[in-house]
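Welcome to the tour. Please keep your viewer at hand and follow along, selection by selection.

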Amino acid sequence: MALIISLTIIGILLIIAEIVLIPGIFVAGTLGLLAMAGSCWLAFDQYGQTAGLITIAVNILLAVTSTVLTLRSKTWKKLSLHTEIDSRTDSAPEDKGIAVGSEGKTITRLAPMGKVLFGDVTVECTARNGLIDPGQEVTVILIDDNKIYVKPK
């Protein structure tokens, strides 16, 4: 009897794992269904038809109940992340006073991307050709889709 109960519990846990933890693979769900089917087969084989039918009914009841409890909104609220994203993207380079021909000084190495200081504004720029070491003067040669390309002065 312990093996039948164990197979039923393992089957339910594997099905819940399939629903919540590893959806889409269906290996855990398949193993869970096989474990539950094995518990039913053992009940029929060892204890007869009545015990087998009771095991089938209990397995169906447990599977439905656990699925409903797992899919309730309170369960998902406990599993979900409750943080807000309050970050923002940088504004356009033109809004910062940077245009083609602007001159600045590299803060970090541009390999090919790095930080450049234009006046009192620090922005991320891309070296058009090669690498540019920190502390070098650069000139903006292109602004394409808010991406700033520079070359050494």
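A salt bridge here is a side-chain nitrogen of Lys or Arg within 4 Å of a carboxyl oxygen of Asp or Glu. Keep in mind as you go that this is a predicted model.

How many salt bridges does a search of the whole structure find? The search gives 2. Select lysine 153 and glutamate 103 to see one of them: the closest N and O atoms are 2.8 Å apart. This pair links distant parts of the chain, 50 residues apart, with lysine 153 in the segment after strand 5 (147–152) and glutamate 103 in strand 1 (residues 103–106). Lysine 153 is exposed, at 61% relative accessible area, while glutamate 103 is partly exposed, at 44%.

Next, pick arginine 109 and aspartate 133, whose salt bridge has its closest N and O atoms 3.8 Å apart. Arginine 109 sits in the loop between strand 1 and strand 2 (113–118), and aspartate 133 in the loop between strand 3 (121–127) and strand 4 (137–144), so the pair ties together parts that are 24 residues apart in sequence. Arginine 109 is partly exposed, with 44% relative accessibility, and aspartate 133 is partly exposed too, with 40%.

Now turn to the surface patches. Select Arg72, Lys74, Lys77 and Lys78, and you have a patch of positive charge. Lysine 77 belongs to helix 4 (residues 73–79) and is exposed, with a relative accessible area of 55%.

For the last stop, highlight Leu21, Ile22, Ile25, Val27, Leu31 and Leu34, which make a nonpolar surface patch of about 590 Å². Valine 27 is in helix 2 (residues 27–47) and is partly exposed, at 48% relative accessible area.

Technical notes:
Residues are numbered from 1 along each chain as its sequence is written. This is a predicted model: local features need pLDDT of at least 70, side-chain atom pairs count only at pLDDT 80 or more; totals for chains, interfaces and linings use all residues. Side-chain values use heavy atoms; hydrogens and water are left out. Patches are made of residues with over 30% relative accessible area and no salt bridge: like charges are joined within 9 Å, nonpolar side chains (Val, Leu, Ile, Met, Phe, Trp, Tyr) within 5 Å. Accessible areas come from the Shrake-Rupley method with a 1.4 Å probe; for residues, only the protein chains shown count as cover. Lys and Arg count as positive and Asp and Glu as negative; His and the chain ends are not counted. The place of a charge is taken as NZ of Lys, CZ of Arg, CG of Asp or CD of Glu. Helices (H or I, at least four residues) and strands (E, at least two) are DSSP runs, numbered from the N terminus. Buried means under 20% relative accessible area, exposed over 50%, partly exposed in between (1.4 Å probe, protein chains only).
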